[in-house]
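Please read them with the structure open.

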Amino acid sequence: MTGSVPFLKRAVLPLAAVAVVVLILAPLRLNGYAINLLYVTVLSIALAYGWNIISGYAGYFSFGQIAFFGVGSYATALIVVNWHWYWMAAALAGGVLALLLAIPLGYVMLRLRGPFFAMGMFGMAQMVRVLVTAIPATGSGSGLFLPPGSGITEVYYWTLAICVGAIGLTVWIDRSAFGLRLQALREDEQVAATLGVETTRAKITAFGLSALIPGLLGGGYALYLTYIEPDAVFSSRLDLQSIVMAILGGLGTVWGPLIGGLVMTQISEALWARFPQIYLMIFGGLLVVLLIALPRGIVPAFAARFARRSGT
Amino acid sequence: MTEPLLVVEGVSVAFGGVQALGDVSLEVREGEIFALIGPNGAGKTTLFNVISGVLRPDSGDVRFAGRSIVGWAPHRIARAGIARTYQIVRPFGRLSVVDNVAVGALVHARTIGQARNDARDVVAFVGLGAYADRPASSLTLTQRKRLEVARALALRPKLLLLDEVMAGLTPTEMDGMAEFVQHLSERGIAAVAGIEHVMRLVMRISHRIVVLDAGRRIAEGDPAAIQTDPAVIEAYLGAPLAGA
């Protein structure tokens with residue numbers, strides 16, 4: 001017994017507190033490029049946390065959570081442009097709208113399983129995107145300008161707060177009865193049901209939370225871009241990036257999306273600085289190697305090593 | 001006279017053109033050990049699926065503690081007091097043994113901590129105490145069978161549906177399982193055990209037996225009556241030779 005795991009557990013809270021303070025003070029010292037990079041990193045990690053609830057904990061692989069990000073973006077833009085709300089209030093409304101939309105959608109979509117759910121969500125995201133752009137007020141395909149004024153710093157703090165909230169939510173889920181029910185239905189839905197788990201309700205709750213987070217983040221992104229159009233906010237690149245982060249870090253783990261996100265951004269930045277022409281190729285190759293070496297992700301691989309060392 | 005704990009009345013299920021269950025009826029009383037025997041494909045698992053709410057019957061009624069439970073969602077039936085195990089063991093592989101059992105214990109516990117405590121007791125009760133914190137995927141087949149039973153017991157059921165609990169066990173382990181079921185019966189938990197073979201044990205511990213063959217009930221009675229029933233002998237051993 002080396003006690004490494006209890007030590008790590010005790011170290012988490014102080015470490016987290018220091019990290020949050022550093023992240024809060026960061027904009028004071030960073031240049032424009034660095035703060036943009038920091039914003040996009042925190043955004044992707046927060047998106048990965050949102051995705052991890054329905055796909056990591058409940059085991060429903062979604063390729064459509066970005067739809068809720070797009071809905072949040074457009075809702076915020078429309079409210080700010082037409083009703084002149086303060087943008088954070090509008091972004092909050094965007095998040096609530098995404099949540100309300102997710103409940104009936106989840107009721108229908110979560111009847112599908114495995115690859116059918118994954119494909120269904122992909123199609124659903126396209127449908128939402130077309131519907132949103134069909135509303136004349138969104139400027140259809142040509143996009144929507146937002147009034148300038150709110151700087152990147154405000155957007156960054158909003159996103160950081162949601163990211164911290166999403167991590168806190170995940171910590172709670174991981175320890176709660178709700179989380180145990182989700183993991184049980186991920187492993188075997190029928191057995192979970194015959195053991196008294198109300199699977200439909202648990203799934204829809206998870207789906208709603210996995211929509212609320214991107215919904216809240218979307219408003220910040222609209223402000224960050226100051227001009228939004230469908231391709232920018234229903235971004236499959238952002239969607240895929242956050243999914244890869246969560247998988248690389250460890251599906252259905254508390255720290256997976258964070259570790260996966262940090263590792264990915266660090267590698268990507270280092271490669272980009274040195275091999276600007278071919279960095280994506282090297283990055284892709286590295287990702288393949290990492291996933292082959294650690295098929296369950298970084299966090300489970302290290303957890304297993306610590307458990308072995310401490311002799312449990 | 002009150003109604004028996006479980007009443008199955010004229011239940012029929014067809015899969016396409018195959019009649020999996022045809023007009024099957026049976027009654028199980030509180031604390032009774034009830035054996036459901038029949039060759040492979042007789043409809044035992046189908047009947048368990050109907051009772052546990054996984055499958056809706058085409059016709060017929062299932063009543064538990066006086067209320068019809070046809071059309072109830074499986075979780076509601078589980079909470080009402082019917083627990084089941086699966087013929088092919090289905091542990092939540094990535095969860096620990098305790099957490100596997102805690103899922104069922106959540107039905108009665110107020111907090112997850114309490115559910116885990118209750119689960120530890122049940123895990124120790126079925127003899128898996130030493131493996132409580134291991135992932136369920138690391139258990140052997142015999143241990144997984146016990147885990148199935150432990151998960152079901154954590155629901156504190158009045159009725160336990162045991163689908164082929166004896167399959168894959170050694171004779172000694174079968175005796176252990178039989179003793180265990182008798183012990184539960186003494187505590188007032190009724191058990192319906194679906195069993196293909198192992199007649200020696202069935203005859204020893206069952207209070208009553210129903211024999212299914214090709215989805216139909218061909219006999220019912222106590223062990224002594226079943227052993228001499230010509231229909232049962234025919235189902236298991238084939239028709240007597242002409243003129244023999």
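1. Conventions. Two strands count as paired if DSSP finds at least two bridges between them. Helices (H or I, at least four residues) and strands (E, at least two) are DSSP runs, numbered from the N terminus. This is a predicted model, in which local features need pLDDT of at least 70 and side-chain atom pairs count only at pLDDT 80 or more, while totals for chains, interfaces and linings use all residues. Residues are numbered from 1 along each chain as its sequence is written, and chains are lettered from A and ligands numbered from 1 in the order in which they are written.

2. E9(B) and E10(B) run antiparallel and are joined by 5 bridges. Within this pair, B:Leu212 is opposite B:Arg217 of E10(B). The two strands form a hairpin with 2 residues between them, and B:Ala214 in the turn has a positive phi of about 50°.

3. Strand E3 of chain B. Which strands pair with E3(B) in the parallel sense? Strand E3 (residues 33-37) runs parallel to strand E8 (residues 190-195) of chain B, with 5 bridges between them. E3(B) also pairs with E9(B) in the parallel sense, over 4 bridges. B:Ile37 has B:Ile195 as its bridge partner in E8(B) and B:Val211 as its bridge partner in E9(B).

4. The four-stranded sheet. Chain B has another open sheet, in which 4 strands follow the order E2-E1-E4-E5 with antiparallel pairing. Strand E2 (18-28) and strand E5 (67-68) of chain B stand at the edges with a single partner strand each, so one side of each has no neighbour in the sheet. Strand E1 (residues 6-15) of chain B is joined to E2(B) by 7 bridges, and B:Val13 is opposite B:Leu21 in E2(B). H1(B) packs on this sheet, touching E1, E2 and strand E4 (59-64) of chain B, and its direction makes about 65° with that of E2(B). Contact here means that the C-beta atoms of two residues, placed from the backbone, lie within 7 Å.

5. Helices H12 and H13 of chain A. The axes of helix H12 (residues 256-274) and helix H13 (residues 279-293) of chain A come within 9 Å and cross at roughly 145°. Among the residues that meet are A:Leu271 and A:Trp272 in H12(A), and A:Phe283 and A:Leu286 in H13(A). The residues of this contact divide into 7 nonpolar, 1 polar and no charged. Ala, Val, Leu, Ile, Met, Phe, Trp, Tyr, Cys and Pro count as nonpolar, Asp, Glu, Lys and Arg as charged, and the others, Gly among them, as polar.

6. The chain A/chain B contact. Chain A gives 18 residues to the contact and chain B gives 23 residues. On the side of chain A that touches chain B, H7(A) gives the most, with 6 residues. By class, that side has 8 nonpolar, 6 polar and 4 charged residues.

Methods. Axes fitted to C-alpha atoms, helices over the stretch in contact; angles between N-to-C directions.
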